[in-house]
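These are some short notes to read beside the structure.

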Amino acid sequence: MAKFTTISSTLMPLPVNDIDTDQIIPARFLKATDKNGMGDNLFADWRYNPDGSPKLDFVLNNPAFLGAKILLAGDNFGCGSSREHAPWALTGFGFRAVISTSFADIFRNNSLKNGLLPIIVDVETHKSLFDLALEAPSAEIHVDLASQTLELPDGKKVKFPIDGFSKACLLNGVDELGYILGFENEIAAFEARTR
Amino acid sequence: MPQTLFEKVWNAHVVTQQPETPAILYIDLHLVHEVTSPQAFTGLRQRGLKVRRPERTVATMDHSIPTHDPSLPILDLLAAAQIKQMETNASEFGIRLYGMNSEHRGIVHVIGPELGFTQPGMTIVCGDSHTATHGAFGSLAFGIGTSEVEHVLATQCLLQRKPKTFEVRVEGSLHQGVSAKDIILALIARIGVGGGTEHVFEFTGSAIRNLTMEQRMTICNMSIEAGARAGMVAPDEVTFEYLKGREFAPKGVAWDRAVNYWKTLPSDEDATYDKSIILDASSLEPMITYGTNPGMAMKITGNVPDPANLADANQKAALNKALVYMGLNPGQSLIGKKVDVVFIGSCTNSRISDLRLAAGLLKGHKVDTNTRVMVVPGSQDVKKQAESEGLDLIFKEAGAEWREAGCSMCIAMNGDQLQPGQYAVSTSNRNFEGRQGKGGRTFLASPLTAAATAITGQITDVRNML
């Protein structure tokens, strides 16, 4: 898995609550048997007109936010389906982090396995970040995972929570499957005990 | 220390718990389908790994398969390739597959219980959020992503943070015309689509005890729509009665031993939960959704809420957006709203008891001539059972379509879908934008409400027809 240490980026503001994974990547794009190309269909139904042309009023098509690596989303991001295609689409598009006040459990788990950092902030910080993105779209914020801080353009630092294991996995690019395979003896003993 | 049902099942499956680290949790049953597994098998091949416990792994095809005449070819080339890939993966890795030609094929959350794979006290996962369904048996069952599918295939284990517990106590008796679907929609409307996040529900109380297994499955199925990882119901005589004699349920002495163990699983009397809520079953009415997530639900006799009455700016914006998408006005009643399609199916409501309820109402009636009515059984076994009872004839004589088993219009991956702007009353679980087809607009409701609406072609309070 790709390591995550620090990023500096502008914000892509999407102030919608309860964005479900059907919006992040509609089900008709789940027929692929690999992970490639999902970024082109990220938010497909909000992003494209029926003829395939971009919807100019959707934030992903707004040149002012082009190149942002951080998605700033409304509350409870990623609810609904368990499809890992959602973080594949987000990372495929170029996002490295999503900021919200809360994340759905399965989406959060899936993101952490794909080097996509879910950042939880309090309601006030959340609001001030939206204000920042709309008033100064070119302003960058800095994310430092090791110290679990967001640094805003005015120098203000905000801590964000993440459990120690997930943090270590992201910082070191740890592959969880490799980690579990390391407990072969314990797994075999469990199977012998419960047979 | 007194324990909840969840804690008993969790503790029995912890392989190891290292400090400051998620537990390594052993998985008893891994259900696999064609859509969320191909990349996991690719991962195994790249690492040269095998499936650790093929006998604990069961695959089927449900999401992208057509529900038309099975002798016709699959026209969607991507879906056909995905189905072929599932066949290749199952055969190469030695996994039991209920494939296209299997007489037991069906929606993964319908066939697991039906064949007796799903049992109390088990840990069950699947790359599908509605895995919560299996919690109706007192198992800990939850949806996982494709990376985790690969982890379970390779190790039969998952790294899991221990969730918190949330008791949903439902007391009292349901009125006629009110069903399990209405209980779960009422819960989600009350606590919201994020209300259960980081928690596992345990459904308790007299109303839950009085439900059949199929009704309990409907409730547990939609736990994820409130954000909960899983929903559980303590196993009891209803559970044992359902399981006894099923193909993969224990037999003979093993059955007796299993039942003795299962009887130890219900939460201890003085066990405590991190959160709790009480619902009064007798105050419930048939429910219907008006918005674009399952929490935007109300009593069928209610009026669409007005965003102007919401204090929170984000909630106001969300409701506004939903009503624009749905083409609805604040304050309007949904009763009498014309619909284009009625869909009876999905892992929430496609079991034989759901079809019996719908057929019971449709018998001797014709469906509205301007409404397409699709009935999609949850499995080929459900289909056979329905046909042996003559339910298929009732549906067909009423003018409804009687189709082959699959997820169908719940997820609209197989060509069964709404056209842009169309309205549907659906017994499925998600009314997200575009869920049943791009631009389609979904009202979630019970099979009874769906059948009543099929007859009139407009949203109907089934209690007026009983």
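1. The model is a predicted one. In chain A, strand β4, residues 97-100, pairs with β5(A) through four bridges, and the two strands run in the parallel sense. One pairing to look for is that of A97(A), whose bridge partner in β5(A) is L117(A).

2. These strands belong to an open sheet of four strands in chain A, ordered β2-β3-β4-β5, with parallel pairing. Which strands stand at the edges? They are β2 (11-14) and β5 (117-120) of chain A; each has a single partner strand, so one side of each has no neighbour in the sheet. From one strand to the next, the twist averages 20°.

3. A helix also packs on this sheet: α5 of chain A, residues 123-135, which touches β2, β3 (70-73) and β4 of chain A. The direction of α5(A) makes about 110° with that of β2(A).

4. Now to chain B. Two packed helices are described by the angle and the distance between their axes. For α12 (residues 352-362) and α15 (residues 447-456) of chain B, the axes come within 9 Å and cross at roughly 30°. Angles under 35 degrees count as roughly parallel, so α12(B) is roughly parallel to α15(B). The crossing of α12(B) past α15(B) is right-handed.

5. Which residues meet between these helices? From α12(B) come D354(B), L357(B), A358(B), L361(B) and L362(B). They meet P447(B), L448(B), A450(B), A451(B), A452(B), A454(B) and I455(B) of α15(B). In this contact of α12(B) with α15(B), eleven residues are nonpolar, one is charged and none is polar.

Key
Residues numbered from 1 in each chain as written. Chains lettered and ligands numbered in written order. Predicted model: local features only at pLDDT ≥ 70, side-chain atom pairs only at ≥ 80, totals over all residues. Pairing = 2+ DSSP bridges. Axes fitted to C-alpha atoms, helices over the stretch in contact; angles between N-to-C directions. Contact = placed C-beta atoms within 7 Å. Parallel < 35°, antiparallel > 145°, perpendicular 65-115°, else oblique. Left-handed = near helix turned anticlockwise from the far one by under 90°. Nonpolar A, V, L, I, M, F, W, Y, C, P; charged D, E, K, R; others polar.
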